[in-house]
Amino acid sequence: MVKTDTVQPATPESLNECNPDWPKDRLGFSKWIVDKKNPLTARTLVNRVWHQIFGRGLVSTIEDIGSQSEPPTHPALLDWLALRFMNEYNWSVKSLIKEIVMSGTYRQSSESSPEMYQIDPDNELYARGPRIRLGAEQIRDQALAVSGLLSNKMYGPGVMPPQPEGVWETVYNGAKWMESKGEDRYRRGVYTYLKRTSPYPSFLTFDAGSREVCMIRRTPTNTPLQALVTLNDPVYLEASYQLAKNTMIPKDVDASIAVAYKRATLSEIEPTSLQTLKDLYETSLNEFSNNPEAAELFLHFDKNPTPQLSAMTVVTNAIMNLDEFLTKA
């Protein structure tokens, strides 16, 4: 409130020097931030990408890298990745992610032993691969991908994929959720229309932010409501139906279940799991055979669903709710 000396646009002298040729505006400021004499930007971004892939950053305090933060567990690795990110990858996040996921550290098994857990409970030494639950958008994208529905369309405005009736409501202008048609129904989660006052409900259930505040770190939870989403949400139900339709082998239930399981989890099904899912199929088949209307209500997007396809959809829906499907391991 009390005006004194005029402050001119500039950058802190204690940090990297600002090129006098850069304009004293936001463009010049952005050039200063990504200048190769400023290692902090690259280190911060590398650390956040590492956190997303491994579940923890090389600096565990991903929201704070500095004198008050936790020290990096592998400082040389952090610097090496940051240098490659700036110089060899030219700030390409895709190239950085490819470098990390193709490493032997990422591709090793996530299985642990009591001795290993005793020595390194938080896996700071990376003696095993990461085991973390997928993020909200990743869970939806994966369900669409394994079912063959996921669209590869890039760019453009946000879309409104299917969701339960009456869930999305705006409190001010009475806007309606106009469900997208055709390919736009199956675009990746990054294109889903979001509004701060009315976020996409299934994303919120899986710990996505409401966009009211900047959210650097998501805290994963495990609640019954999440299972209700993946069991009943129209997106997951349609993905289950499509997966069942694409993997169903006539008159061979065992092979159909095995193919669907492998497509969803990239692993062979164990005999005990196969028998459990087969029992689920037989129970569902009996119910749909005795009540044809139930199949029509269950698969309302199919004109004449057969009891067999309906029962297989129940099985594929169960597969999409397995820990093996929802967890990156």
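Reader: Where does Val34 lie?

Author: Helices and strands here are DSSP runs (H or I, at least four residues, for helices; E, at least two, for strands), numbered from the N terminus. Val34 lies in the loop between α1 (26-33) and α2 (39-54). The model is a predicted one, in which local features need pLDDT of at least 70 and side-chain atom pairs count only at pLDDT 80 or more, while totals for chains, interfaces and linings use all residues. Residues are numbered from 1 along each chain as its sequence is written, and side-chain values use heavy atoms, with hydrogens and water left out.

Reader: Is Val34 buried, exposed or partly exposed, and what is its relative accessible area?

Author: Buried means under 20% relative accessible area, exposed means over 50%, and partly exposed is in between (1.4 Å probe, protein chains only). Val34 has a relative accessible area of 37%, so it is partly exposed.

Reader: Which residues is Val34 in contact with, leaving aside its neighbours within four places in sequence?

Author: Contact means heavy atoms within 4.5 Å. On that basis Val34 is in contact with Thr41 and Trp91, once neighbours within four places in sequence are left aside. For a distance across the model, take Val34 and Asp122: they are 88 residues apart in sequence and 32 Å apart in space, C-alpha to C-alpha.

Reader: Which residues make the nonpolar surface patch?

Author: Patches are made of residues with over 30% relative accessible area and no salt bridge; like charges are joined within 9 Å, and nonpolar side chains (Val, Leu, Ile, Met, Phe, Trp, Tyr) within 5 Å. Areas come from the Shrake-Rupley method with a 1.4 Å probe, and for residues only the protein chains shown count as cover. Here Leu45, Val93 and Ile97 make a nonpolar patch of about 190 Å². Val93 belongs to helix α4 (residues 93-101) and is partly exposed, at a relative accessible area of 34%.

Reader: How many salt bridges does the structure hold?

Author: Side chains of opposite charge can pair when their charged atoms come close. A salt bridge is a side-chain nitrogen of Lys or Arg within 4 Å of a carboxyl oxygen of Asp or Glu. The structure holds 14 of them. One of these joins Glu63 to Arg217, with the closest N and O atoms 3.0 Å apart. This pair links distant parts of the chain, 154 residues apart: Glu63 is in the loop between α2 and α3 (75-88), and Arg217 is in the loop between α8 (201-205) and α9 (224-232). Glu63 is partly exposed at 44% relative accessibility, and Arg217 is partly exposed at 33%.

Reader: What separates Arg84 and Glu88 in helix α3?

Author: They are four residues apart in that helix, so about one helical turn separates them. Their side chains meet in a salt bridge (3.2 Å, N to O). Arg84 counts as buried at 17% relative accessibility, whereas Glu88 is exposed at 53%. Arg84, Glu88 and Glu99 are linked in a network of salt bridges.

Reader: Which residue forms a salt bridge with Asp323?

Author: Arg131 does, with the closest N and O atoms 2.7 Å apart. Asp323 lies in helix α15 (residues 323-326) and Arg131 in the loop between α6 (114-119) and β1 (132-133), so the pair ties together parts that are 192 residues apart in sequence. At 42% relative accessibility, Asp323 is partly exposed.

Reader: Is Gln226 buried or exposed?

Author: Gln226, in helix α9, is buried, with a relative accessible area of 5%. Leaving aside neighbours within four places in sequence, its contacts include Arg133, Phe206 and Thr205. A polar atom of the Gln226 side chain lies 3.2 Å from the backbone oxygen of Thr205.

Definitions and conventions. Polar contact = N/O pair within 3.5 Å; in protein donor to acceptor, adjacent residues only side chain to side chain.
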